[in-house]
Amino acid sequence: MLAVSSYSKDYIDTCRARVAEHVSVYRAMIATGDGVDFTAAVAAFEPVFFNNLVLVLESAFVHRLRGKESKDGNPLNEVRLLSASLLGNGGILAVDKGIRWTPDATVLGYAAGDRIEVREPGFLALAKAFFADVAAKYA
């Protein structure tokens, strides 16, 4: 596929709705149980699930033109780096030297070398910022 310079509002909204549906199913699942064993199982499952949803965000917009994305540590950069690190660096954040990365200025605050373990609140903030950035730069 060629690089994409724009996405339709409908496509962005469809992707946003798909992610919201995944989160809704997750919430329904965790609402079904209780007890120490269930709580421990959810605690172990949560970062696996939300790390994978970071990959969903990236894959939905993977062909975006990088020049429009910028290199200032924005949410698009953050999702790209998190995804690359989850897939190719064993879940340890590796920062691209071409991106101005300041952990305190990112949504999740990961620094190079940190283990990526995205939880629900962090993912929701990241997805919101990511979709806003996609809409602003590519719609």
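R100 lies in the loop between α4 and α5. This residue belongs to a predicted model whose secondary structure amounts to 5 helices and 0 strands. The radius of gyration of the chain is 16 Å, which agrees with the value near 14 Å that a compact globule of 139 residues would have. The largest nonpolar core holds 34 residues, and α2 is the element that gives the most to this core.

**Overall architecture**

- Read from the N terminus, the order of elements is α-α-α-α-α.
- The C-alpha trace spans about 50 × 35 × 25 Å along the principal axes of the chain.

**Surface and charge**

- Of the 139 residues in the chain, 37% count as buried.
- The accessible surface of the chain is about 7500 Å², and carbon and sulfur atoms account for 59% of this area.
- The chain carries 15 positive and 16 negative side chains.
- The centres of these two sets of charges are 8 Å apart.

**Nonpolar core**

- In soluble globular proteins, nonpolar side chains tend to be buried together.
- In this chain, the largest nonpolar core comprises 34 residues, and those with the most contacts inside it are F50, V54, L57, F61, F123, F130 and F131.
- Two or more residues of this core come from each of α1 (9-30), α2 (36-60), α4 (75-88) and α5 (120-138).
- The contribution of α2 to this core, the most from any element, is 8 residues.
- V54, one of the core residues with the most contacts inside the core, touches V79, L82, S83, L86, V118, F123 and L126 when residues up to four places away in sequence are not counted.

**Helix α2: F38**

- F38 is found in helix α2.
- F38 counts as partly exposed because its relative accessibility is 24%, whereas buried residues lie under 20%.
- Beyond its neighbours within four places in sequence, F38 is in contact with M29, I30, T32 and G33.

**Loop between α3 and α4: S70**

- S70 is placed in the loop between α3 (66-69) and α4.
- The phi angle of S70 is near 75 degrees, a positive value in a residue other than glycine.
- With a relative accessible area of 28%, S70 is partly exposed.

- N89 has its place in the loop between α4 and α5, and its relative accessible area of 35% makes N89 partly exposed.
- Leaving out residues up to four places away in sequence, N89 touches A84 and A94.
- N89 and G113 are 24 residues apart along the chain, and their C-alpha atoms are separated by 9.8 Å.
- K97 is also in the loop between α4 and α5.
- K97 is exposed because its relative accessible area is 83%, and the cut-off for an exposed residue is over 50%.
- From K97 to R115 the C-alpha distance is 18 Å, and the two residues are 18 positions apart in sequence.
- R100 is exposed, with a relative accessible area of 57%.
- Sequence neighbours within four places aside, the contacts of R100 are with K71, D72 and G73.
- The C-alpha atoms of R100 and N77 are separated by 9.5 Å, although the residues are 23 apart along the chain.

Terms used: Residues numbered from 1 in each chain as written. Predicted model: local features only at pLDDT ≥ 70, side-chain atom pairs only at ≥ 80, totals over all residues. Heavy atoms only, no water. Helix = DSSP H or I, 4+ residues; strand = E, 2+ residues; numbered from the N terminus. Rg over C-alpha atoms; globule rule 2.2 N^0.38 Å. Buried < 20%, exposed > 50% of the residue type's maximum accessible area, 1.4 Å probe, protein only. Areas by Shrake-Rupley, 256 points an atom, 1.4 Å probe, with all protein chains shown as cover. Lys, Arg positive; Asp, Glu negative; His and termini not counted. Charge placed at Lys NZ, Arg CZ, Asp CG, Glu CD. Core = buried A, V, L, I, M, F, W, Y, C linked by side-chain atoms within 4.5 Å. Contact = heavy atoms within 4.5 Å.
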